[in-house]
Amino acid sequence: MALIDPRALRDAFGAFLTGVTVVTTHDATGQPVGFTANSFTSVSLDPPLLLVCLARSSRNFETLTKAQGFAINILSETQKDISNTFARPVDDRFASVDWKPGPHGAPVFSDVAAWFDCSTETIVDGGDHVILIGKVEAFENGKSNGLGYARGSYFTPLLAQNAVSAAGSEATVIAGAVAARDGEVLLVEKEAGVYTLPSCELVSGDGPEKLQKYLSGATRLSASIGFIYSVYEDTGAAKQHIVYRCQLGAGEQAAGRFFAIDALPLTTVADPATADILRRYAAESVLGNFGMYVGSERSGRVHAVAGKVQP
């Protein structure tokens, strides 16, 4: 049997779009503890059961596996900061969040999409993880949209939907990609010595799959389209641009040239809007906190909606 690369396997698992939760309980001294997790799913309605997976290497392993219960807080799309706080080694994670004991005792957060206060039903061995199965003792549905997560980044469904809608005018729509691989970005020559993002025109009914097909065909590399990075109107050319983040696979590309993120040719790109996109991407790549720009080629707003989760 061929050996499986754990890092590559984790990346493949990351293709599945999930929500983001914070799992909470109390330790033996009564202090609240919690951590960010996206390995959550419902199990049964009768009896009401859910599960979350916990790594054996987690510093919360002993506390969670010995606790009488735990809560699942499904974060809303406005609570990225809470996710980041509970994914990092912060001294007092609960100091910056509004919470209270749930009916069964575990900490539940305010303004979440939903919370579930559970008793521990059973713990199942799962290799380098265990599966915590909880019986729902109480819950609350907050009705807000949940915070999404896939391929190492957050996304908010409502914002993405609004961004695409903003590009739905009668103008020509151009789909482009910040196509990255191993710390480099692929650019194509618009003319001799002048570079731009790889892109293609969309017509009615086309989606990002057309951009993926274009990238794969032009470069002869596998291409994985990520989340929207920029939506802007080029008012002078009467064109709408939708730019996606994209990951390219290994191999020798058939077209274009890779540039290191810290050495992008900003002075020789086709237009100021492209330079702004590349400049922002280089800056945001340092921390992995990506945003989404919505506006025109002259002005707009960057919505901070992306980053990394380390459950």
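These legends describe close-up views of a predicted model.

In this predicted model, local features need pLDDT of at least 70 and side-chain atom pairs count only at pLDDT 80 or more, while totals for chains, interfaces and linings use all residues. Residues are numbered from 1 along each chain as its sequence is written, and side-chain values use heavy atoms, with hydrogens and water left out.

**View 1. Asn 73 in strand β6.**
Strand β6 spans residues 69-74 and includes Asn 73. Helices (H or I, at least four residues) and strands (E, at least two) are DSSP runs, numbered from the N terminus. Asn 73 has a relative accessible area of 0%, so it is buried. Buried means under 20% relative accessible area, exposed means over 50%, and partly exposed lies in between (1.4 Å probe, protein chains only). The side chain of Asn 73 makes a polar contact of 3.5 Å with the side chain of Thr 24. A polar atom of the Asn 73 side chain also lies 3.4 Å from the backbone oxygen of Pro 107. A polar contact is a pair of N or O atoms within 3.5 Å; within protein, one must be able to donate a hydrogen and the other to accept it, and residues adjacent in sequence count only if both atoms are side-chain atoms. Beyond its neighbours within four places in sequence, Asn 73 is in contact (heavy atoms within 4.5 Å) with residues including Val 20, Val 22, Phe 109 and Trp 115.

**View 2. Arg 93 in a loop.**
Arg 93 lies between α3 (80-87) and β7 (99-101). Its relative accessibility is 10%, so Arg 93 counts as buried. The side chain of Arg 93 reaches two backbone oxygens: that of Gly 34 at 2.4 Å, and that of Phe 86, which lies 3.4 Å from a polar atom of the side chain. Leaving out residues up to four places away in sequence, Arg 93 touches Phe 35, Arg 59 and Asn 60, among others. Pro 32 is 61 residues away along the chain, and its C-alpha atom is separated from that of Arg 93 by 9.0 Å.

**View 3. Aromatic pairs and a cluster.**
The count comes to 10 aromatic pairs. Rings of Phe, Tyr and Trp (its six-membered ring) pair if their centres lie within 6.5 Å; planes under 30 degrees apart count as stacked, over 60 as edge-to-face and the rest as tilted. Tyr 195 and Phe 259 form an edge-to-face pair, 5.0 Å centre to centre with 80 degrees between the planes. This pair links distant parts of the chain, with Tyr 195 in strand β15 (residues 194-196) and Phe 259 in strand β19 (residues 257-260), 64 residues apart. Both Tyr 195 and Phe 259 are buried. The rings of Tyr 281 and Phe 290 have centres 5.4 Å apart and planes at 25 degrees, so this pair is stacked. Tyr 281 is buried at 5% relative accessible area, and Phe 290 is buried at 9%. One aromatic cluster is formed by Phe 86, Phe 94, Trp 99 and Phe 109.

**View 4. Arginines over rings.**
Arg 245 lies over the face of Phe 290, 4.3 Å from the ring centre. Arg 280 lies over the face of Tyr 229, 3.9 Å from the ring centre. A charge sits over a ring if NZ of Lys or CZ of Arg is within 6 Å of the ring centre and within 35 degrees of the ring normal.

**View 5. Two buried cysteines.**
Cys 118 is buried at 0% relative accessible area, and Cys 246 is buried at 3%. The structure holds 0 disulfides (pairs of cysteine sulfur atoms within 2.5 Å).
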